[in-house]
Amino acid sequence: MNHSRFRLLKDRLSGNLFLTLSLFSILTVVLIAAGLYWKSIPILKTTPITHLLFSKEWKPFKQQFGFLTYIAGSLIVTVLAILIALPLSLMCAIYISEFAPVRLKKILLPFIDLLSGIPPIIYGVWGVLMIVPFIQEKLAPHFVEFASGYSALAGGIVLAVMIFPLLISILMEVFNTIPAELKEASLSLGANEWETVKSVVLRKSLPGILAATILAISRALGETIAVLMVCGNIAAIPHSVFDSVYPLPALIANNYGDMLSIPMYDAALMLAAFILFVIIFLFNAVSRLVLYRLEKRNYS
Amino acid sequence: MTTGTPHISVRGLNVHINGHPILRNISIDIPDKGITSFIGPSGCGKTTLLKTLNRLLDRNKKVKIDGQVLVDGEDIYGKGVEVTGMRKKMGLLSQRPFPLPMSIYDNIAYGPRIHGIRKKKDLDATVEHYLRATYLWDEVKDRLNSSAGGLSIGQQQRLCLARGLAVEPEIILGDEPTSALDPVSTQKIEELFLQLKDKYTLVLVTHILRQARRISDNIAFLYMGELIEFGPAEEVLLHPKEKLTQDYVKGYIS
């Protein structure tokens, strides 16, 4: 009797302990958001939020802080990265999980893992050494008169390579959850492997592909150092992908700690971080809603 | 046993999966038309045998297959065999229904579309014909464009049967096709099989002896990867020649 009461107590205790710990980790997110907001209150009090979000004027000495160019910079680089990475990693993941011989699979997988283990700074250096000159000398002259190579496109390409392994590994997980019997059902009707992938595997994987894309976008939005090295960091709305951009994380990383003697600069940078946070949060929330809808449509 | 040329002829078939022997030296002539059932305890290789018949098994690279499977006299493991064309000859019903992730209409139209039927009128006719053939038409005609996942399990299995019939196969393979279904749905599927057996060759895997008795014309009993006995259903079930078959039929081994 005593023993079983002790076990019951342990069960309750461990349950509560885990609850506390998980609450703690959720609380960190809330605390970060609250902290950022609190620190950016000074600038929010002096400048209307619409002005902060939609003005292109960034003149710290005149107390003008418009984030539009930075927000645009972040979004453009991220969209480019996804446009490049998603089709490629879809094809790659499909090939590895559906077509590749076992031996090739065993060689390819460690490389993809390795790709995700490379520190961002190395991607940055690689971007500066290879991608930027390539864009400047080979690619851009076909389209624009002058380009430094440090551009939204360079950022997009470097970011694409960085989110490649994440996308591939999640997509492969997604494809692995498709039951073999479902593929066999399609094959037994005389469909070939490609028709089966196209009409059955991809369609059934749609929610998963979306989820993978969301994760990749969140990662891309927040990536700092590699992007900062290749984007050129000029705060202007770009006219083409060959123009420089200045993404939000680069703004924070470049200036935090240096320029804090300027009044309000501190609050402005905190607001930049808060905006980044809100963009990623909203993005996740909306896509979760879409995901939920998709799953409901697919499975009910 | 039915006379005439066999529809499917298996010759000296050995299957190894991951180096383990699963089927040993199987030779069996499955007659044209009628229902042939594979029975035997779990793990005896009956599903494996079924899946070698339309080459779904060798998609898995760890599988080694020796021997011949002749369908209409052609070795489907021979060189230069067009696998998709061969598979089209055979409908497949799996243990649980797996409707394709699309609408009821598209589930049926999927196969015909692949094989080149494009006209909406022809597709409409095909869809209706096979939904009627499986007695689904009245149940789903008002929601052809809604997801097939919304149907009951029993309806889904009939949809899968209709989907298979829509590519006009000669053979229907069933891997315990009623094992996930309730008794009423099971009965419907069995009735359909009995109607189809005049036009198609049906090969079913079942571990339900009573079902084998109810619907089979011929029964093959497999045990530990070997074909123990094959013959007309009544003979195998009521007067088995082999001791192992006797034990299984009487319920001593299962």
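Analyst: Let's begin with a pair of helices. The axes of helix α3 (residues 68-99) of chain A and helix α8 (residues 193-222) of chain A come within 9 Å, and they cross at roughly 140°. One thing to keep in mind: this is a predicted model.

User: Okay, so what do you call α3(A) relative to α8(A) at that angle?
Analyst: Oblique. Only angles over 145 degrees count as roughly antiparallel, so with a crossing of roughly 140° α3(A) is oblique to α8(A).

User: And is the crossing of α3(A) and α8(A) left-handed or right-handed?
Analyst: Right-handed, going by the way α3(A) passes α8(A).

User: Which residues in α3(A) meet α8(A)?
Analyst: On the α3(A) side you'll find A:Ser74, A:Thr78, A:Ala81, A:Ile82, A:Ala85, A:Leu86, A:Ile94, A:Glu98 and A:Phe99. They meet residues of α8(A) including A:Val197, A:Val201, A:Ile217 and A:Leu221.

User: Nice. How many of the residues in the contact of α3(A) with α8(A) are nonpolar?
Analyst: Twelve are nonpolar, while three are polar and two are charged.

User: Let's zoom out. How many helices and strands does chain A have?
Analyst: Chain A has eleven helices and two strands. Starting at the N terminus, the order is α-α-β-β-α-α-α-α-α-α-α-α-α.

User: And how much of chain A is buried?
Analyst: Of the 300 residues in chain A, 36% are buried. The C-alpha atoms fill a box of roughly 70 × 70 × 35 Å along the principal axes.

User: What domains is chain A divided into?
Analyst: Domain 1 covers 2-46 and domain 2 covers 53-299. Their C-alpha centres lie 31 Å apart.

User: How many residues does each domain put into the contact?
Analyst: Eight come from domain 1 of chain A and nine from domain 2 of chain A. On the domain 1 side, six are nonpolar, one is polar and one is charged.

User: Last topic: which residues of α10(A) are buried?
Analyst: In helix α10 (residues 248-255) of chain A, the buried ones are A:Leu248, A:Pro249, A:Ala250 and A:Leu251.

User: What comes up just after α10(A)?
Analyst: A:Gly257, which takes a positive phi of about 95°.

Definitions and conventions:
Residues are numbered from 1 along each chain as its sequence is written. Chains are lettered from A and ligands numbered from 1 in the order in which they are written. This is a predicted model: local features need pLDDT of at least 70, side-chain atom pairs count only at pLDDT 80 or more; totals for chains, interfaces and linings use all residues. Helices (H or I, at least four residues) and strands (E, at least two) are DSSP runs, numbered from the N terminus. A residue is buried if 20 or more other C-beta atoms lie within 10 Å of its own, exposed if 12 or fewer, and partly exposed in between; C-beta atoms are placed from the backbone. Domain bounds come from an automatic or database domain assignment. Two residues are in contact if their C-beta atoms, placed from the backbone, lie within 7 Å. Ala, Val, Leu, Ile, Met, Phe, Trp, Tyr, Cys and Pro count as nonpolar, Asp, Glu, Lys and Arg as charged, and the others, Gly among them, as polar. Axes are lines fitted to C-alpha atoms, for helices over the stretch in contact, and angles run from 0 to 180 degrees between N-to-C directions. Angles under 35 degrees count as roughly parallel, over 145 as roughly antiparallel, 65 to 115 as roughly perpendicular and the rest as oblique. A crossing is left-handed if the near helix is turned anticlockwise from the far one by less than a right angle, and right-handed if clockwise.
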